[in-house]
Amino acid sequence: MTSGFTTIDVAIGPKRLDGSLFLPQTPQGLITFAHGSGSSRFSPRNRYVAERLVAQGFACLLFDLLTAEEGEFRRNVFDIPLLGARVVEAIAWAGAQRDVSRLPIGLFGASTGAAAALVAAADEPRVAAVVSRGGRPDLAGDALPRVQAPTLLIVGGLDYGVIELNRDAQQLLRCRSRLDIVPGATHLFEEPGTLDSVVERATLWFDEYLGAAPDVADA
């Protein structure tokens, strides 16, 4: 990570899920990441986004949603209720940490991790904002109408099929929501400049809604 930031290895929840907490000097919010299927806290795209968000003053928590043993079973990778519960565990863990306990909370989900983030947001009122990158929010199913946190859905303009799934999911959301399509981007946002566009959109969203979030200690 960029110099001037602190990186802390953490263990979350009863399963002791491995994670990394990135802390700027004066964090204005905590962004918890939920990675997609087949990925981990070492996802290069998520870590790039996290580094950029840390540079904008947000603490970022990246963690493994499954233990190594759980990850050996493919069904767990797509168990959205389980993954959503793990995100809620991470939020509870953060609430007990002195450095981040009073920070407003945002969630950043990618691929199937976006569904896990939305399930967590439906169950955890402390979540102040959600951003999905190339996500499958449709997999959140019945949780979608219960999400109260403002939600930004970011999809690549060349991610055919997923755009329609995001539009359908947005129709089920009752919170404030927006669908942003990044021109020229495919599912992984590997094209030059496309991931930077994700960062810019996510930063503006978190700036708007985490800055206005109530102190979690008063919730």
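Leaving aside its neighbours within four places in sequence, Arg41 touches Asp18, Gly19, Ser20, His35, Arg47, Leu62, Phe63 and Asp64, where contact means heavy atoms within 4.5 Å. Please keep in mind that this is a predicted model, in which local features need pLDDT of at least 70 and side-chain atom pairs count only at pLDDT 80 or more, while totals for chains, interfaces and linings use all residues. Residues are numbered from 1 along each chain as its sequence is written, and side-chain values use heavy atoms, with hydrogens and water left out.

**Around Arg41**

- Arg41 sits in the loop between strand E3 (29-34) and helix H1 (44-55); helices (H or I, at least four residues) and strands (E, at least two) are DSSP runs, numbered from the N terminus.
- With a relative accessible area of 14%, Arg41 is buried; the cut-offs are under 20% relative accessible area for buried, over 50% for exposed, and partly exposed in between, using a 1.4 Å probe and protein chains only.
- The side chains of Arg41 and Asp64 are joined by a polar contact of 2.5 Å. A polar contact is a pair of N or O atoms within 3.5 Å; within protein, one must be able to donate a hydrogen and the other to accept it, and residues adjacent in sequence count only if both atoms are side-chain atoms.

**Helix H1**

- The twelve residues of H1 should span 16 Å at 1.5 Å a residue, and the end C-alpha atoms of H1 are 17 Å apart, which agrees. The expected span is 1.5 Å times one less than the number of residues in the helix.
- Asn46, Val49, Ala50, Leu53 and Val54 are the buried residues of H1. They cover an arc of only 135° around the axis, so they lie on the same side of H1; the arc is that of the directions from the helix axis to the C-beta atoms.
- Pro44 and Ala55, on the other side of H1, are exposed.
- Packing partners of the buried H1 residues are strand E2 (17-23), E3, strand E4 (58-63), strand E5 (105-110), strand E6 (127-133) and helix H7 (194-210).

- In helix H6 (residues 162-172), the buried residues include Val162, Ile163, Asn166, Ala169 and Gln170. Their arc around the axis is only 125°, which puts them on the same side of H6.
- Asp168 and Gln171 are exposed on the other side of H6.
- The buried residues of H6 pack against E6, strand E7 (151-156) and strand E8 (177-182).
- Leu144 belongs to the loop between E6 and E7 and counts as buried at 0% relative accessibility.
- Leu144 and Ala169 are 25 residues apart in sequence, yet 7.3 Å apart in space, C-alpha to C-alpha.
- Beyond its neighbours within four places in sequence, Leu144 is in contact with Leu118, Pro137, Asp138, Ala169, Leu172, Leu173 and Arg174.

**Cysteines and aromatic rings**

- Zero disulfides turn up in a search of the whole structure, a disulfide being a pair of cysteine sulfur atoms within 2.5 Å.
- Cys60 is buried at a relative accessible area of 0%, and Cys175 counts as buried at 12%.
- The count of aromatic pairs comes to three. The rings of Trp205 and Tyr209 have centres 4.9 Å apart and planes at 55°, so this pair is tilted.
- Rings of Phe, Tyr and Trp (its six-membered ring) pair if their centres lie within 6.5 Å, with planes under 30 degrees apart counted as stacked, over 60 as edge-to-face and the rest as tilted.
- Trp205 and Tyr209 both lie in helix H7, four residues apart, about one turn of the helix, and both are buried.
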